Amino acid sequence: MKKLSDCILIIVGDGNDMYYYKKYATDKKLDNVIFVGRVIENVDCYYQVADIFIMPCQGGLALNQAMIHQKPIICGKADGSEYDLVINGYNGFRDENLTPDKIVTYVEEIKKIGIEKMGKNSLSILFEKEILFEKFVERFVKGIININILGE
């Protein structure tokens, strides 16, 4: 497995695989991994100290929150919003088959392109592309129509 010796990984959350990840970090003697656990209040402080936001699995609103904090994004399959929010090579990388080695590769690529530049691109996607809200409304309406059709 590739390593990023100049990075600290802060893991916020308490998903089903937390025990596995803690054991993995302990077994591999990874001293640059911090497990915070579930955070409900004041979660913004973690976005503020982060350079890059990584979301390997489900969760959509966290993407928006990271983008408001001008963070480049690395994400796996989320809730579908990642297709509108993450543009490969522009504000981060989206990969449905995300692995630890791929994360390292994407972090290295973001560092080459520029963390600050890609972070600003994240914010611009939220505020300069008016189509995002329109797409949300469009999907919502289609979902309601599909529910009505299936319910008949």
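**Note on charged side chains**

1. K23 and D27 form a salt bridge through their side chains, at 2.8 Å from N to O; the term covers a side-chain nitrogen of Lys or Arg within 4 Å of a carboxyl oxygen of Asp or Glu. The two residues sit 4 residues apart in helix α1 (residues 18-27), which means a separation of about one helical turn. K23 is partly exposed at a relative accessible area of 39%, and D27 is also partly exposed, at 46%. Buried stands for under 20% relative accessible area, exposed for over 50%, and partly exposed for values in between (1.4 Å probe, protein chains only). Helices (H or I, at least four residues) and strands (E, at least two) are DSSP runs, numbered from the N terminus.

2. On the basis of the numbers: this is a predicted model, in which local features need pLDDT of at least 70 and side-chain atom pairs count only at pLDDT 80 or more, while totals for chains, interfaces and linings use all residues. Residues are numbered from 1 along each chain as its sequence is written, and side-chain values use heavy atoms, with hydrogens and water left out.

3. The count under the salt-bridge rule is 5. Among them is the pair K111 and D6, whose side chains meet at 2.6 Å, N to O. This pair links distant parts of the chain, 105 residues apart: K111 belongs to helix α5 (residues 100-113), and D6 to the segment before β1 (9-12). K111 is partly exposed, with 36% relative accessible area, whereas D6 is exposed at 56%.

4. Helix α6 (residues 115-128) holds both K120 and E116, 4 residues apart, or about one turn of the helix. They form a salt bridge in which the closest N and O atoms are 3.3 Å apart. K120 counts as partly exposed at 45% relative accessibility; E116 is exposed, at 56% relative accessible area.

5. Side chains of opposite charge can pair when their charged atoms come close. K71 is a case to check: this residue is buried but has no salt bridge, and D51, the nearest side chain of opposite charge, is 5.5 Å away. For charge, Lys and Arg count as positive, Asp and Glu as negative, and His and the chain ends are not counted.

6. K71 is placed in the loop between α3 (61-68) and β4 (73-75). Which residues are in contact with K71, leaving aside its neighbours within four places in sequence? They are Y47, Q48, A50, D51, F53, A66, N91, G119 and S122, where contact means heavy atoms within 4.5 Å.
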